[in-house]
Amino acid sequence: RMTRASTPAPSTNSMPPKTIPPNRDRLQSQILVWITAPLILMACVQLVRLMILESPSWNFYLAKALALSIAFAFAAWALRAATPAAALIGGMICLLLTCWTGSPIESPLHSAVTPLFTLFLLTFLATRAGRKRKADRGLAESRKGRRASQVIANLGMAALVSNLVGDRVISWLLQSRNTSPGEGSDFWILHILILAVLAEATADTVSSEIGQAFGGRPILLTTLRRVETGVDGAITMTGTVAGILAATIVIGAGAWSMHLHADQVCIALAAATLGLFFDSLLGATVERKGWIGNDLVNFASTAFAAAIVFPVTRLAGFFSC
């Protein structure tokens, strides 16, 4: 027999209200999807057409990449880590990263798909760590999984950067050089861009999820004062350390899969770490003022991590215009 539940009393540990109006936040997320999703779809269509028509030697590799991408999308949906639309976009991003950073003479795992899978595993575990505690505070992720806008906010920049790689791969394919493009070129720096974006996205999610569950009262980055858990721009030592550790694991996976050197790994880690703090800075300023929502903050932070690769590389002495 069903009975009407009484209205629960408001929790003293509930999540602080967002400053940005919900309608504005939703509109910003929708615009991000409307702009980025078609670009990702067109990039996938171009990739498949090119590899089938222009480079038959890549066809078997493309088939394996498609299988991996479909499996990735299905797993994200089946585990309720993503909604169907988000899982579809994640699958397309997986296809772009696998093909544009891989080679037909190697396994698809020797591409950016390996750090992508590592990102998925770490963020999946972090999201579920301390779930009851986060749910009591109103901080737990929806049980339906991440929305399409959240996937684009965290991974869309990696897909866009992969097209920079793709443009160069296209020129190699059209010259019938269908092995591993980019030897002695600037491909390695584009790989670092992608890896820095993936590592920053991992660090952001893991630091937030672990910090909210186990970090205690956070501090606001701009004032260094204690604030309530869930306040935009607030950080904890536990969450920050967990985020940087997760980024290091993702970068380690990418170093193996994309054959990066130690100095290149350090550049990617530095860019990802700076991107993590830039995310908190945006949260403590423009997001707290209600100007932009969390999806745009995350997208801007991954873009910052990619952009910072160039000055960091210059400082390290490995890149010159």
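Here is a chat about a few spots in this predicted model.

Biologist: Hi! Where does Asn154 lie?
Modeller: Asn154 sits in helix α6, which covers residues 148-174.

Biologist: Is Asn154 buried or exposed?
Modeller: Buried: its relative accessible area is 8%, and the cut-off for buried is under 20%.

Biologist: What does the side chain of Asn154 reach?
Modeller: The backbone oxygen of Gln150, at 2.8 Å.

Biologist: And leaving aside neighbours within four places in sequence, which residues is Asn154 in contact with?
Modeller: Arg146, Val197, Ala201, Asp204, Thr205, Asn298 and Thr302.

Biologist: New topic, the largest nonpolar core. Which residues touch the most other members?
Modeller: That would be Ile89 and Leu198, in a core of 79 residues. Helix α7 (residues 187-214) gives the most to this core, 15 residues.

Biologist: Which residues is Leu198 in contact with, again skipping neighbours within four places in sequence?
Modeller: Among them are Leu97, Pro115, Leu119, Leu155 and Val250. Val250 also turns up among the buried residues of α8.

Biologist: OK, on to α8. What do its buried residues pack against?
Modeller: They pack against α4 (113-128), α7, β2 (234-235) and α9 (262-287). Those buried residues include Gly239, Ala246, Ile251 and Ser257.

Biologist: How does the span of α8 compare with what it should be?
Modeller: It agrees: at 1.5 Å a residue, the 21 residues of α8 (residues 237-257) should span 30 Å, and the end C-alpha atoms are 30 Å apart.

Biologist: Last one: what is the phi of His259, which follows α8?
Modeller: The phi of His259 is positive, near 60°.

Terms used. Residues are numbered from 1 along each chain as its sequence is written. This is a predicted model: local features need pLDDT of at least 70, side-chain atom pairs count only at pLDDT 80 or more; totals for chains, interfaces and linings use all residues. Side-chain values use heavy atoms; hydrogens and water are left out. Helices (H or I, at least four residues) and strands (E, at least two) are DSSP runs, numbered from the N terminus. Buried means under 20% relative accessible area, exposed over 50%, partly exposed in between (1.4 Å probe, protein chains only). A polar contact is a pair of N or O atoms within 3.5 Å; within protein, one must be able to donate a hydrogen and the other to accept it, and residues adjacent in sequence count only if both atoms are side-chain atoms. Contact means heavy atoms within 4.5 Å. A nonpolar core is a set of buried Ala, Val, Leu, Ile, Met, Phe, Trp, Tyr and Cys residues joined through side-chain atoms within 4.5 Å. The expected span of a helix is 1.5 Å times one less than its number of residues.
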